[in-house]
Amino acid sequence: MKTRLRMYCVSCLVTLGAVQLSAQTYHWIHSSENDTWQQSTVRLKSEVNTLPDVSVDGKAKIATFKTWGVTFNELCWDALGVLTREEQDEILKKVFAPDGDLRIGRGRISLGANDYARSWYSCDEVEGDFELRYFNIDRDKQAIIPFIRAAQKYNPALTFWVSPWSPPSWLKINGDYPVLSSPANHLSPKLDYLLYGNVGGTTDPDEMKLVGERKGKFPRQLATTDYMIQDSRYLRTYANYFCKFIDAYKAEGIPIDMVMYQNEAYSYTPYPGCAWTAEGTILFNRDYLAPALKKAHPEVKLYLGTLNTNRQDHVEKILSDKQACISGMGFQWEGREILAAIRQQHPDWSYICSESECGWGSFDWKSGEHTFELINHYLGNGCNEYNLWNFILSDNGKSTWGWKQNALIRVDSRTRTFTYTPEYFAVKHYAHYIASGSEVLAYKPEGDDKKPVLVVRTP
């Protein structure tokens with residue numbers, strides 16, 4: 001039997017008592033593997049014959065939800081470009097319009113290349129340019145900015161945040177964009193020793209292999225070396241690099257209101273990436289990035305992330321520095337496992353899911369079920385923002401660096417057609433109804449019953 005994705009939409013809270021329950025009805029929307037987004041009206045039963053999954057009194061509140069987001073990537077823009085203008089408009093309206101299917105209100109931008117860029121680039125590859133005289137966003141003007149403007153046509157109120165995958169290569173100890181060598185890049189294997197250089201150890205070629213299961217601690221061994229050069233001149237330049245990027249995008253009519261210092265500092269990647277130690281993370285955020293933002297862009301918040309590790313003691317070590325400069329945190333992948341514990345320690349901060357999980361190019365029902373559970377987990381544990389990764393990809397979702405991922409919309413480049421995947425409908429079951437200002441009241445995590453539950457009161 002296939003599990004159904006379910007959402008209950010209740011128009012108001014009802015005081016039980018004299019109300020004739022048998023006369024009450026509610027709107028029921030469900031999706032199954034071959035039968036998505038089915039709607040019907042269901043009459044409430046007058047007697048309860050099962051135990052409730054959750055109890056709600058209408059007073060307790062987990063969090064107030066803000067927005068849904070997606071990432072603007074070059075390969076997504078390329079996939080969209082395969083289609084006709086009419087089809088592009090249909091998709092963009094459904095994804096971004098306030099009255100569309102997903103109602104996306106937030107965009108994530110990569111500061112330089114990420115793993116779904118067409119190739120490696122940064123905004124300043126001129127070695128020794130500490131004054132950033134050659135900084136530019138020319139590459140972004142080819143795809144990312146046109147992509148954003150196409151989305152702004154349907155939602156002019158889009159807001160944006162940014163994180164880098166890798167600093168410019170000359171700011172790193174290995175002088176290149178990846179962390180580890182592979183057949184997909186040109187980094188010398190002789191430099192792989194840098195990752196664990198202080199203690200020795202052998203790098204694991206399967207460290208980034210997506211097996212669809214979580215077993216033990218991630219990463220299995222923490223980096224002992226910061227790949228960002230830990231010299232004040234380099235760190236100051238990198239902080240100013242963030243500010244230059246914010247300035248450049250503001251000039252293009254794209255306001256950035258939040259930054260994170262690094263995407264997945266705990267993924268030791270063959271594609272653009274950068275490993276950081278706890279000490280390096282504290283030093284850069286506290287002494288360089290936060291002061292630079294405060295001076296040049298006080299309107300921009302600094303979040304810690306994106307945290308993709310379940311090594312709670314390591315994250316607590318970073319947080320023990322009492323960084324008053326941090327406004328919130330972003331969790332993804334294995335970071336979800338420690339979200340609840342960290343939030344309990346720092347309840348006044350803001351928490352977001354910085355990236356939904358990407359899968360392995362299957363585009364199947366199982367991927368939709370997984371995303372459905374992920375949304376339930378993050379919102380149920382207090383995240384007020386949920387960011388998706390690639391929302392549209394071509395064919396098998398293969399990246400420039402050779403691995404495959406899922407997306408909400410799949411384009412067949414041969415026939416120039418597209419399909420909405422099960423993951424699209426998994427997201428729609430939440431995003432179509434949970435608007436900004438919605439209050440998450442209660443949740444039940446997915447257990448052996450495979451039934452996650454979320455209770456939300458919309459404005």
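Accessible areas here come from the Shrake-Rupley method with a 1.4 Å probe. The model is a predicted one.

**Exercise 1.** State what the accessible surface of the protein comes to, and what percentage belongs to carbon and sulfur atoms.

*Solution.* The total is about 20,400 Å², and carbon and sulfur atoms account for 49% of that surface. Turning from the surface to the residues, 55% of the 459 residues in the protein are buried.

**Exercise 2.** Describe the fold in terms of its secondary structure, and explain why the protein is as compact as a globular protein of its length.

*Solution.* Begin with the elements, which are nine helices and 17 strands. The radius of gyration is 23 Å, close to the 23 Å that the globule rule gives for 459 residues, so the protein is as compact as a globular protein of that length. Along the principal axes, the C-alpha atoms fill a box of roughly 75 × 50 × 40 Å. Finally, consider the contacts between residues at least 6 apart in sequence: 72% of these join residues at least 24 apart.

**Exercise 3.** Determine whether E385 is buried or exposed, and identify the side chain with which its own side chain makes a polar contact.

*Solution.* First locate E385, which is found in strand 12, spanning residues 385–387. Its relative accessibility is 5%, and E385 therefore counts as buried, the cut-off for that class being under 20%. Next, follow the side chain of E385 to that of R106, where the two make a polar contact at 2.9 Å. Leaving aside neighbours within four places in sequence, the residues in contact with E385 include F65, T67, W161 and Y351.

Key
Residues numbered from 1 in each chain as written. Predicted model: local features only at pLDDT ≥ 70, side-chain atom pairs only at ≥ 80, totals over all residues. Heavy atoms only, no water. Helix = DSSP H or I, 4+ residues; strand = E, 2+ residues; numbered from the N terminus. Rg over C-alpha atoms; globule rule 2.2 N^0.38 Å. Buried < 20%, exposed > 50% of the residue type's maximum accessible area, 1.4 Å probe, protein only. Contact = heavy atoms within 4.5 Å. Polar contact = N/O pair within 3.5 Å; in protein donor to acceptor, adjacent residues only side chain to side chain.
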